Amino acid sequence: MIEIPESITIAKQLNDTVRGREIREVETEHTGHSFAWYHGDPAAYARQMEGRRIGTAAGIGSMVETELGEISFVVGDGTNIRYYAPGRKLPERYQMRITLEDESSLIYTVAMYGSLFLIDPDTYDNPYYLAAKAKPLPVTEEFDYEYFKKLREDVSGRNSVKEFLATKQRIPGLGNGVLQDILLEAGLHPKRKLNTLMEQDWKRMYESVKKILSQMLEAGGRNTEKDLFGNPGSYQTKLSRKTVKGPCPYCGNLIEKMNYLGGTVYFCPHCQE
């Protein structure tokens, strides 16, 4: 799933690879998918997109937004984006294809669910999109400790640290995936209640958010996810499906997993009591 490290990485790769190229052909709904979501009529995408040039792409939370003049194409976190060079054989199954003037293609494939929205950014009122556009990313200077403290104002002490960090769009793009290593670095269990935290725990959580997301971004994303070219990121996850039942990198105890708040969480029973 696309989260902050992947959305920013893929946006940069799009800018380096296809920005400025003209869109020659657009195909939607190539392979039927019940949970591939479009904005408006997907049959109208070709008419609206063909002939336009690819503008600047940006990672906004768990979305990648690409400018196409006065409209934007926004891809959500469940949609994989892949670049296919001219002459390379395209996959048999995909939801959307954008072919460019040099015969290269961008292929969009939805896994479990995902969005492919062609929008007018001035009038589009989706709350997830608006939050991602308005709120600062943790890897920016605007996301300082004073801003982080303000996020605490609308939560209950009975909420857990996972609820605080990874729900309600408090930090767009910080989801269940990147959460795992953040909490390990902070020494906090996903179920830990906010009313049990001291100020030093909050500061450690904040520093961990900044540190781990910066490391993931510098490495081009996580090794559990793939970039525009289908390559896994270079950040080696400490807590993920790749490391469960293996040793914790800090203490050597075996990493465990459980289901919590609609997703799988991984944790070290010693470092995150």
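The largest cavity of this predicted model is lined by L14, V18, I54, T66, L68, F73, I98, L106 and Y108. A cavity here is a set of points, on a 1 Å grid over the protein atoms alone, where a 1.4 Å probe fits but cannot get out, and lining residues have an atom within 4 Å of a point. The volume of this cavity is about 50 Å³, a volume being the space filled by probe spheres set on the points, with grid points joined across faces, edges and corners. A search of the whole structure finds one cavity of 30 Å³ or more. Strands β4 (63-68) and β8 each contribute at least two residues to the lining, which by class has eight nonpolar residues, one polar residue and no charged ones. In this classification Ala, Val, Leu, Ile, Met, Phe, Trp, Tyr, Cys and Pro are nonpolar, Asp, Glu, Lys and Arg are charged, and the others, Gly among them, are polar.

Residues are numbered from 1 along each chain as its sequence is written. In this predicted model local features need pLDDT of at least 70 and side-chain atom pairs count only at pLDDT 80 or more, whereas totals for chains, interfaces and linings use all residues; side-chain values use heavy atoms, with hydrogens and water left out.

Two of the lining residues, I98 and L106, are also bridge partners, L106 lying in β8. Strands (E, at least two residues) and helices (H or I, at least four residues) are DSSP runs numbered from the N terminus, and two strands pair if DSSP finds at least two bridges between them. An open sheet of four strands has the order β1-β7-β8-β6 with antiparallel pairing, and its edge strands, β1 (23-28) and β6 (79-84), each pair on one side only. Within β7, R97 stands opposite E27 and also opposite I107 in β8.

| Antiparallel pair | Bridges |
|---|---|
| β1 and β7 | five bridges |
| β7 (residues 96-100) and β8 (residues 105-110) | four bridges |
| β10 (residues 256-260) and β11 (residues 263-267) | five bridges |

Strand β7 is mostly covered, with five of its five residues buried, where buried means under 20% relative accessible area, exposed over 50% and partly exposed in between (1.4 Å probe, protein chains only). In a regular strand the side chains alternate between the two faces of the sheet. Both faces of β7 are covered, with M96, I98 and L100 buried on one side and R97 and T99 buried on the other.

Two hairpins can be described together. β7 and β8 form a hairpin with four residues between them, and E103 in the turn has a positive phi of about 75°. β10 and β11 form a hairpin with two residues between them, and L261 in the turn has a positive phi of about 55°; in this second pair, the bridge partner of K257 is Y266 in β11.

Helix α6 (residues 176-186) is largely enclosed by the rest of the structure, because eight of its eleven residues are buried. These buried residues are V178, L179, Q180, D181, I182, L183, L184 and A186, and they pack against α1 (4-17), α5 (161-166), α7 (199-218) and β11, contact meaning heavy atoms within 4.5 Å. Just after α6, G187 takes a positive phi of about 70°.

How values were computed
1 Å grid on protein atoms, 1.4 Å probe; cavity = no way out; pocket = protein on both sides within 12 Å on 5 of 7 lines; lining within 4 Å.
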